Amino acid sequence: MQDPLVYLNGVFAPLSEAKIPVLDRGFIFGDGVYEVIPMYAGKLFRARQHMARLFRSLAAVSIANPHSEQEWMALIARVTSAYTADYAVSDQLVYMQVTRGVARRAHAFPKDAEPTVFIMTNAFTPPAAEVCDNGVACITVEDQRWLRCDIKSISLLGNVLAAQQAAEQGATEAIQFRDGFLTEGASSNVWVVKDGKLMGPPTNALILEGIRYGLIAELCAACNIPFEARRIARNDVFAADEVLLSSAGREVLPVVALDGQPVGNGKPGPVFRRLHAAYQDAKRA
Ligand SMILES: Cc1ncc(COP(=O)(O)O)c(C=O)c1O
């Protein structure tokens with residue numbers, strides 16, 4: 001097994017040697033936040049936006065940010081360059097996690113805990129061309145998560161259960177609905193195309209604003225694809241010409257089947273193809 005260098009609380013060490021105390025509040029309560037940044041050819045993609053979201057997540061749960069942006073960048077650079085050197089892989093997915101730290105178990109914040117900071121990276125293989133050519137199947141599920149999905153919290157039980165339902169049905173993603181309206185995937189944002197217009201749910205506390213959310217809005221503007229953020233009813237998802245997913249790891253993917261029914265004509269559509277091409281250009285720019 002690979003044993004890449006990771007960063008944990010001031011120390012760079014092989015992954016197998018990085019250990020946390022069992023009283024870490026991340027372990028006990030899921031009390032922490034995380035971030036995932038894609039890196040292409042050694043260059044982090046949209047790093048500034050990812051760091052801003054990490055800082056927003058930390059502030060939202062009142063964990064003091066342990067590092068300046070410059071310090072974070074230096075820590076990430078050391079982990080990713082070690083991985084590139086050891087494994088000759090310069091497309092990576094960087095994972096960062098901050099928890100409220102180690103303290104005697106009690107729900108309210110401890111007075112003097114130091115945040116636990118962890119950074120690792122893994123090889124990143126974007127979806128294969130045939131996945132983009134054929135599209136993916138998804139299921140729909142009721143959104144059972146809490147009401148602060150805008151925070152990139154490590155408490156992911158609702159997402160985990162939804163993703164497991166999809167996995168058990170051989171689907172790529174579980175698309176969630178709350179009160180009859182589209183929220184997002186278990187680990188992706190979801191987009192709907194009707195009559196040439198791309199629509200996404202509004203960015204409120206019911207979804208995580210993916211870093212690709214803003215990017216897709218920008219790519220739509222550049223490609224002359226009309227874009228609208230609005231509430232999207234379940235019927236509108238099933239009646240869509242195209243449905244797309246986006247996330248750091250999945251980039252942009254076409255959904256061609258929902259609960260076993262074809263989306264549109266059951267093939268990846270023209271809006272997907274234009275956005276996917278624009279995404280490929282943007283990530284290598
Ligand atoms: C619940 C959820 N929504 C949306 C996204 C997409 O965010 P991003 O584009 O920053 O990867 C993710 C990413 O993992 C996610 O977990």
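Q: Is β14 mostly covered or mostly uncovered, and how many of its residues are buried?

A: A word on the source comes before the reply. This is a predicted model, in which local features need pLDDT of at least 70 and side-chain atom pairs count only at pLDDT 80 or more, while totals for chains, interfaces and linings use all residues. Residues are numbered from 1 along each chain as its sequence is written, and side-chain values use heavy atoms, with hydrogens and water left out. Buried means under 20% relative accessible area, exposed over 50%, and partly exposed in between (1.4 Å probe, protein chains only). Helices (H or I, at least four residues) and strands (E, at least two) are DSSP runs, numbered from the N terminus. In this structure β14 is mostly covered, with eight of its eight residues buried.

Q: Which strands are joined to β14 by bridges, and how do they run?

A: Two strands pair if DSSP finds at least two bridges between them. β7 and β14 run parallel and are joined by three bridges; here Val-136 stands opposite Val-255. β13 and β14 run antiparallel, with five bridges, and a hairpin joins them through three residues. Within that pair, Leu-244 stands opposite Pro-254 and Val-243 opposite Val-255. β14 is also joined to β15 (residues 261–262) by two bridges, and these run antiparallel. Leu-258 stands opposite Gln-261 there.

Q: Which residue takes a positive phi in the hairpin of β14 and β15?

A: That residue is Asp-259, with a phi near 50 degrees; the hairpin has two residues between the strands.

Q: Which residues of β13 lie on each of its two sides?

A: In a regular strand the side chains alternate between the two faces of the sheet. In β13, Glu-242, Leu-244 and Ser-246 are on one side, Val-243, Leu-245 and Ser-247 are on the other, and all are buried. Six of the six residues of β13 are buried, so this strand is largely enclosed by the rest of the structure. β13 is also joined to β10 by five bridges, in an antiparallel arrangement; the bridge partner of Asn-189 is Ser-246.

Q: How many residues has the largest nonpolar core, and which have the most contacts inside it?

A: A nonpolar core is a set of buried Ala, Val, Leu, Ile, Met, Phe, Trp, Tyr and Cys residues joined through side-chain atoms within 4.5 Å. The largest has 39 residues, and Ile-175, Leu-198, Val-243 and Leu-275 have the most contacts inside it. Elements that give two or more residues to this core include β7 (136–142), β13 (242–247), β14 (251–258) and α8 (270–284). Apart from it lies another core, of 18 residues, among them Val-33, Ile-37, Ile-119 and Ile-151.

Q: What is Val-243 in contact with?

A: Contact means heavy atoms within 4.5 Å. Leaving aside neighbours within four places in sequence, the contacts of Val-243 include Ile-175, Val-192, Leu-253 and Val-263.

Q: Is Thr-140 buried or exposed, and with which side chains does its own make polar contacts?

A: A polar contact is a pair of N or O atoms within 3.5 Å; within protein, one must be able to donate a hydrogen and the other to accept it, and residues adjacent in sequence count only if both atoms are side-chain atoms. Thr-140 lies in strand β7 and is buried, because its relative accessible area is 13%. Its side chain makes polar contacts with the side chains of Arg-234 (3.2 Å) and Asp-259 (2.5 Å).

Q: Where does the ligand lie, in terms of the closest residues around it?

A: A residue is near a molecule or strand if one of its heavy atoms lies within 4 Å of it. Here 18 residues surround the ligand, and the closest are Arg-53, Glu-184, Ile-211, Arg-212 and Ala-248. A backbone N or O atom of Ile-211 lies 2.8 Å from an oxygen atom of the ligand. A polar backbone atom of Ala-248 is 2.8 Å from an oxygen atom of the ligand. The protein covers 92% of the 390 Å² of accessible area that the ligand has on its own. Accessible areas come from the Shrake-Rupley method with a 1.4 Å probe; for residues, only the protein chains shown count as cover.
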